[in-house]
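Here are my notes on the aromatic rings, as promised. Have the model open while you read.

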Amino acid sequence: MNLTASWLSVNWTGALLQQFLGRTLCMMSAEVIHEVEEALDKDEKEMLLFLCRDVAADVVPPNVRDLLDVLNERGKLSAVALAELLYRVRRFDLLKRILKMDKTAVEAHLLRHPHLVSDYRVLMTEIGEDLDESDVSSLIFLMRDYTGRGKIAKDKSFLDLVIELEKLNLIAPDQLDLLEKCLKNIHRIDLKTKIQKYKQSGSGTSYVNALQASLPNLSLKDPSYNLRVQNGRSKEQRLVRKLAVKREAVKTSIQESGAFLSQHISEEIYRMQSKPLGICLIIDCIGNDTEVLRDTFISLGYTVQCFSYLSMDSLIQTLHQVACMPQHQDYNSFVCVLVSRGNSQSIFGVDKTHSGFPLHQIRRMFMGDKCPFLIGKPKLFFIQNYVGSQGQLEDSSLLEVDGPAANNVESKARQPGPCMVHREADFFWSLCTADVSLLEQSSSSPSMYLQCLSQKLRKERNRPLLDLHLELNSYMYDWNSRVSAKEKYYVWLQHTLRKKLILSYT
């Protein structure tokens, strides 16, 4: 081969390579964007807009063409990115005709490379595709208890419903309990199982949804978690043990989209400067833990009110009276500790024959619309419930996610009435159950859960409460690994905290 032919060969190869890279990495032409937009039907366009809500969180494009154009200008719409979008909306014909790719090639790429679209949004679109009109109608009806009547029109699609729930912060990548519950109620266990598999994969633990990314006044809430201490570590527990690492990963990902947002999120802490910090209500119907609990919360700076051996009527009356106390307006937080016999959903007080008072109604008393002086302030509940062998706790007491925070929450909390903070925001709900036989074996033994909690709060008060509780759960796991089934403690934590919480004057 002469030099001219060799030069032509090299340049021809280079041209092919450049053409290939241009097709796979560079910006899409307006012609390609127009062709894609023209080929998609209404449902496919709705799906694509939903999938990309987090990719361009600060932009709300009115149509697919504008969305793709925005992504293109920002360098996010390479051929492989567009191929992923077409793959997600099942337009394999466009993959082949416009991008000269097939389904298998895209799937292989997705297995090896980061995705443009989050697993959470893919999950939601897959669920939407599997729901028929009657299913969606039932879900919209069930959500009225959380969104209010008339909030979501009956003719809306499932993706429309998800968007509205995201705006209210009732659903997020790491908060799908409410959706699971409603899918169970309409007997779509197959879709509930799909959500559970997604959770087990850990896909939602370090992901920022569109609402959080677009509203810098929202803190990035630590993922709520359910913990059950068992003989072996569950997948959820292994996930929680990696939480500290995940938090750092979240901060890094946010910094890529704006250093200010990351700084704001990492520094947002509940105000804890009032003296006292708040009222601590202790109701001990067993009688083993009052003294140590009182000393612990006094040392933390709380005004402690203790009640022992209350009947069911007296217990309910005491909770109502404390919830209505005007003194809450002058304090920064509230704590309630309950120790009682009960079952999976209720506490009994000292009335063994009583049907019990539901746990969710206790929480209801202190929500924003019932207890306006605690709006925007952390409300902490630590509950030790001794249940019979057939009363193991079920997933019956779920907290929904809080709504956007209002500016100057502390001042707004002093004014009863409408407020921008969701009524269920700012709850910390730690529930421990143990077999009632522990009381029969030794009536003077304190709760291992409350004993460990007290020690941690007194010795490590300057650390975030969520971190302390994570370590508490680890301790309870170690305890359970050494004792019989009747001696185990089962711990759950659910929270709607919007900020970091440290039980100390800051």
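1. First, a definition: a charge sits over a ring if NZ of Lys or CZ of Arg is within 6 Å of the ring centre and within 35 degrees of the ring normal. Arg-363 does this with Trp-429, lying over the ring face at 4.8 Å from its centre. Arg-121 lies over the face of Phe-50, at 4.7 Å from the ring centre.

2. Some housekeeping. This is a predicted model, where local features need pLDDT of at least 70 and side-chain atom pairs count only at pLDDT 80 or more, while totals for chains, interfaces and linings use all residues. Residues are numbered from 1 along each chain as its sequence is written, and side-chain values use heavy atoms, with hydrogens and water left out.

3. Searching the whole structure turns up nine aromatic pairs (rings of Phe, Tyr and Trp, the last by its six-membered ring, with centres within 6.5 Å; planes under 30 degrees apart are stacked, over 60 edge-to-face, the rest tilted). In one of them, Tyr-87 and Phe-92 have ring centres 5.8 Å apart and planes at 55°, so this pair is tilted.

4. Tyr-87 has 15% relative accessibility, so Tyr-87 counts as buried; Phe-92, at 28%, counts as partly exposed (buried is under 20% relative accessible area, exposed over 50%, partly exposed in between; 1.4 Å probe, protein chains only).

5. Now look at Phe-381 and Phe-427: their ring centres are 6.0 Å apart and their planes at 20°, so they count as stacked. Both residues are buried.

6. Trp-429 turns up again here: ring pairs link Phe-334, Phe-366, Phe-381, Phe-427 and Trp-429 into a cluster.
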